[in-house]
Amino acid sequence: MRRYGKNPDEDDIRVRPNPKGNRPRTNIRPKHADAGEGLVLTVDRGRLTCLIDGRTVTAMKARELGRKSAVVGDRVAVVGDLTGAKDTLARIVRVEPRSSTLRRTADDDDPFERVVVANADQLAIVTALADPEPRPRLIDRCLVAAYDAGLAPLLVLTKSDLASADALLESYGDLGVPYIVTNRDELVDGSAAERVRATLAGRMTAFVGHSGVGKTTLVNALVPERRRATGHVNAVTGRGRHTTTSALALPLPGGSGWVIDTPGVRSFGLHHVDPSRVIHAFPDLEPGTAGCPRACSHDEPDCALDEWVTDGHADPARLYSLRRLLATRERREGD
């Protein structure tokens, strides 16, 4: 052990390097100006597949993002190996601002919301007319989530060869939601896919629906070169089997738009939805809310919408439809 005298000289003292103590600290973070721009196609156990300049690149979230996650549809900045070669891994360093965010909760009492997709323009609510039976309450909840997120809703009714669509369409006629009705034969000959593609052109459309309604079958018809596994409906329970386990964004042929196939849902919680935002989807009723009391639920005695409709400014059926949708937040899908 080295010893020093009573009056050591500076040259006699050896300073041991301390990498942590000597490292200069700064609040300036790298801007990653050279990062590639990517689109998240799917997320699987912490690995994200991104489309960058026509190549699929596997990436992981950088530590500096913290708890902020990236979901299918997100536009992200990616650094590292962007070749897309096998066994390479890039880093997502930034998630760009989202134009829309479709959320849901596991239940109405669950405060933890889950982001389904980001940056979608349209929500296609896929429902079978039979096998399994349609669930109007689930459709209502998906409509509320679409209106809350600012997405244009589209009702897609499948298996019309097993049951008529008239009764279901009549119950949604006052909402003015566009719809498409398909059957098995049309899926086989391709005519259904052509009609659906026309409504998806130029948009990013998220497909949601109960398991077994034919959602993935329709997506396979739309993008035949990227076929996904499909299941069947349980003859005893009447429920479909989960075959799609993760959301996946697929480009439509010719680059005319995108479809996002999502896993089948058993419930669609609306804990995160602010009822005051749903009124924005009813432009004929929204001006009538000017006379509503503060924090009006639009379903109470003092609501100004009743007088607005009585004076002939809007159809009473539209007010009924609004209140029916708002009431879905207080009811279970099976009620």
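The exercises below work through a predicted model of one protein chain.

In this model, local features need pLDDT of at least 70 and side-chain atom pairs count only at pLDDT 80 or more, while totals for chains, interfaces and linings use all residues. Residues are numbered from 1 along each chain as its sequence is written, and side-chain values use heavy atoms, with hydrogens and water left out.

**Exercise 1.** State how many helices and strands the chain has, and what share of its residues count as buried.

Solution. Helices (H or I, at least four residues) and strands (E, at least two) are taken as DSSP runs numbered from the N terminus, and on that basis the chain has 9 helices and 13 strands. Buried means under 20% relative accessible area, exposed over 50%, and partly exposed in between, with a 1.4 Å probe and protein chains only. Of the 335 residues of the chain, 45% count as buried.

**Exercise 2.** Determine whether R197 is buried or exposed, and find which residues R197 touches.

Solution. R197 lies in helix α5 (residues 191-200) and, because its relative accessible area is 17%, counts as buried. Taking contact as heavy atoms within 4.5 Å, and not counting residues up to four places away in sequence, R197 touches A221, L222, P224 and P253. The side chain of R197 reaches the backbone oxygen of L222 at 3.0 Å.

**Exercise 3.** Locate D299 relative to the helices α7 and α8, and determine whether D299 is buried or exposed.

Solution. D299 lies in the loop between α7 (275-278) and α8 (305-310). Its relative accessible area is 51%, so D299 is exposed. The C-alpha atoms of D299 and R323 are separated by 6.5 Å, although the two residues are 24 residues apart along the chain.

Definitions and conventions:
Polar contact = N/O pair within 3.5 Å; in protein donor to acceptor, adjacent residues only side chain to side chain.
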